[in-house]
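Please read it alongside the sequence and the coordinates.

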Amino acid sequence: MVAADLLVKEHRLIERMIPILTKETFRLHEGGEANAELIVSVVGFFRTYADRCHHGKEEDILFRALASKPLSDEHRRTMDQLTEEHVVARKLVGRLMLDQDRCVKGDKAALAAMRQDIQELADLYPRHMGLEEKHFFIPCMDYFSAVEQAGMLRAFTEFDAKIVHERYVTMIEDLEAAGKAKALKGRTRNRARRSPGA
Ligand SMILES: [Fe+2]
Ligand SMILES: [Fe+2]
């Protein structure tokens, strides 16, 4: 297995999200209400798997290693384009979460924005992954020796292991912060009750 194969394997999971997104845009187009549970799952998948885990390996390991190689103009242009598309994907996912918040608050216009953002995500990813697979990953492997490629594969595996820990450390920190904020609010309320005239 070359390092690029692992990234291609991850694409196969990401592309399974596309028909789910397309079906949701169709449902919204037919007048359906926002499905909060689905949006939370979609946002979680794109943030953790597609962005942190998959784009993370591409940007932090593959692109970084390629940056020190004598890339052809075409490969350098493609790498810049792919990096820009990661930024666009991040923005779309952020917007989708905001659309959901607006829907919860009863903003009817948010449904059309949600449909549009889901559609853009469903259009962007197949194009992006196609470009990587057909014109980038495999030719770029030629810039690396067999030893460098094996090292990259190891780095990918270590990166994945780090993500699991990172994710749950963040979850515990968020829960601790929420608990502290709640306790502080309770103390402030009790103080106000004890000294109403203050
Ligand atoms: Fe990518
Ligand atoms: Fe990719």
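A residue is called buried here if 20 or more other C-beta atoms lie within 10 Å of its own, exposed if 12 or fewer do, and partly exposed in between. The structure is a predicted model, and the values below are computed from it.

An α-helix has 3.6 residues a turn, so residues three or four places apart point the same way.

R12 and R154 are 142 residues apart in sequence, and their C-alpha atoms are 21 Å apart in space.

**Helix lengths**

| Helix | Residues in helix | Span, first to last C-alpha | Expected span |
|---|---|---|---|
| α2 (residues 17–29) | 13 residues | 19 Å | 18 Å |
| α4 (residues 73–104) | 32 residues | 47 Å | 46 Å |

**The pairing of α2 with α5**

Helix α2 packs with helix α5 (residues 109–135) at an angle of about 155°, and their axes are 9 Å apart. An angle over 145 degrees counts as roughly antiparallel, and α2 and α5 are therefore described in that way. The crossing in which α2 passes α5 is left-handed. On the α2 side, the residues that take part in this meeting are I18, L21, T22, E24, T25, L28 and H29, and on the α5 side they are L111, M114, R115, I118, Q119, L121, A122, Y125 and P126.

After α2 comes G31, whose phi is positive, near 100°. The loop between α2 and α3 also holds G32, which counts as partly exposed because it has 13 C-beta neighbours inside 10 Å. Although G32 and L111 are 79 residues apart along the chain, their C-alpha atoms are separated by 9.1 Å, and L111 is also among the α5 residues that meet α2.

Another residue of helix α5 is Q116, which is partly exposed, with 16 other C-beta atoms within 10 Å. Between Q116 and V104 the separation is 12 residues in sequence and 18 Å in space, C-alpha to C-alpha.

**The pairing of α3 with α7**

The axes of α3 and α7 come within 10 Å and cross at roughly 145°, and α3 passes α7 in a right-handed crossing. This contact is made by T48, R52, C53, G56, K57, I61, L62 and A65 of α3, together with M152, A155, F156, F159, D160, I163 and R167 of α7.

**Helix α4**

Where are the buried residues of α4 covered, and which residues are they? They are M79, L96, D99, Q100 and C103, and what covers them includes α3 and α5. K91 also belongs to helix α4, but this residue is exposed, with 12 other C-beta atoms within 10 Å. From K91 to I138 the separation is 47 residues in sequence and 28 Å in space, C-alpha to C-alpha. Just after α4, G106 takes a positive phi of about 90°, and a positive phi is likewise found at G31, after α2.

Key:
Residues are numbered from 1 along each chain as its sequence is written. Chains are lettered from A and ligands numbered from 1 in the order in which they are written. This is a predicted model: local features need pLDDT of at least 70, side-chain atom pairs count only at pLDDT 80 or more; totals for chains, interfaces and linings use all residues. Helices (H or I, at least four residues) and strands (E, at least two) are DSSP runs, numbered from the N terminus. The expected span of a helix is 1.5 Å times one less than its number of residues. Axes are lines fitted to C-alpha atoms, for helices over the stretch in contact, and angles run from 0 to 180 degrees between N-to-C directions. Angles under 35 degrees count as roughly parallel, over 145 as roughly antiparallel, 65 to 115 as roughly perpendicular and the rest as oblique. A crossing is left-handed if the near helix is turned anticlockwise from the far one by less than a right angle, and right-handed if clockwise. Two residues are in contact if their C-beta atoms, placed from the backbone, lie within 7 Å.
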